[in-house]
Amino acid sequence: MDMFEIMDRESSSRSEVYLYEENGKWYAYDHSASLLKKLAAGTVKLRNHVCSFYGVMLEKVEVDLNLLLNKSWFVALCSDSEMLLLKND
């Protein structure tokens, strides 16, 4: 999935968290990254990264998938390189 598709998905996302696999690591961008930082603060190890998209700095966090999935998240969709999570309260 290219950055245009990711940003289109992120712009319409409200309560979903999208994760993307890149070289064996999982990342969340923009709205998904913000939601994870808010909803999983202190319970999941997140590493901030800088991502530039047409000169705009985007939020990008690396996610420890094992820690995240042991918390209250529901995997709604999954493939080898993408995952859609919903908060399961």
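A charge is said to sit over a ring if NZ of Lys or CZ of Arg is within 6 Å of the ring centre and within 35 degrees of the ring normal. This tour will come to one such case, K60 over the face of Y27.

The model is predicted, so local features are described only at pLDDT of at least 70 and side-chain atom pairs only at pLDDT 80 or more, while totals for chains, interfaces and linings use all residues. Residues are numbered from 1 along each chain as its sequence is written, and side-chain values use heavy atoms, with hydrogens and water left out.

**The whole chain**

Begin with the protein chain shown as a cartoon. It has three helices and six strands; helices (H or I, at least four residues) and strands (E, at least two) are DSSP runs, numbered from the N terminus. Followed from the N terminus on, the elements run α-β-β-α-β-β-α-β-β. Next, colour the chain by accessibility. Of its 89 residues, 35% are buried; buried means under 20% relative accessible area, exposed over 50%, and partly exposed in between, with a 1.4 Å probe and protein chains only.

**Strands 1 and 2**

Select residues 16-22, which are strand 1, together with residues 25-29, which are strand 2. The two strands run antiparallel and are joined by three bridges; strands count as paired if DSSP finds at least two bridges between them. They form a hairpin with two residues between them. In the turn, select N23, which has a positive phi of about 55°. Then show Y20, which stands opposite Y27 in strand 2. How many of the five residues of strand 2 are buried? Four of them are, and the strand is thus mostly covered.

**Around K60**

K60 lies over the face of Y27, at 4.3 Å from the ring centre. With a relative accessibility of 13%, K60 counts as buried.

E22 is partly exposed, at 24% relative accessibility.

The side chains of K60 and Y29 are joined by a polar contact of 3.4 Å. A polar contact is a pair of N or O atoms within 3.5 Å; within protein, one must be able to donate a hydrogen and the other to accept it, and residues adjacent in sequence count only if both atoms are side-chain atoms.

**The second salt bridge**

The structure holds two salt bridges. For the other, select E82 and R9, whose closest N and O atoms are 2.9 Å apart. E82 lies in strand 6 (residues 82-87) and R9 in helix 1 (residues 3-12), so this pair ties together parts that are 73 residues apart in sequence. Are these two residues buried or partly exposed? E82 is partly exposed, with a relative accessible area of 22%, and R9 also counts as partly exposed, at 21%.

**Helix 2**

Move to residues 30-39, which make up helix 2. Show S32, A33, L35 and L36, which are buried. Seen down the axis of helix 2, its buried residues fall within an arc of 165°, so they line one face of the helix; the arc is that of the directions from the helix axis to the C-beta atoms. H31 is also in helix 2, and H31 is partly exposed, with a relative accessible area of 22%.

Select L68 in helix 3, residues 65-69. L68 counts as buried, at 0% relative accessibility. From L68 to L85 the separation is 17 residues in sequence and 9.9 Å in space, C-alpha to C-alpha.

Finally, show strand 5, residues 73-78, with strand 6. These strands pair in the antiparallel sense over five bridges, and they form a hairpin with three residues between them. To end the tour, select F74, which stands opposite L86 in strand 6.

Notes: Salt bridge = Lys/Arg side-chain N within 4 Å of Asp/Glu carboxyl O.
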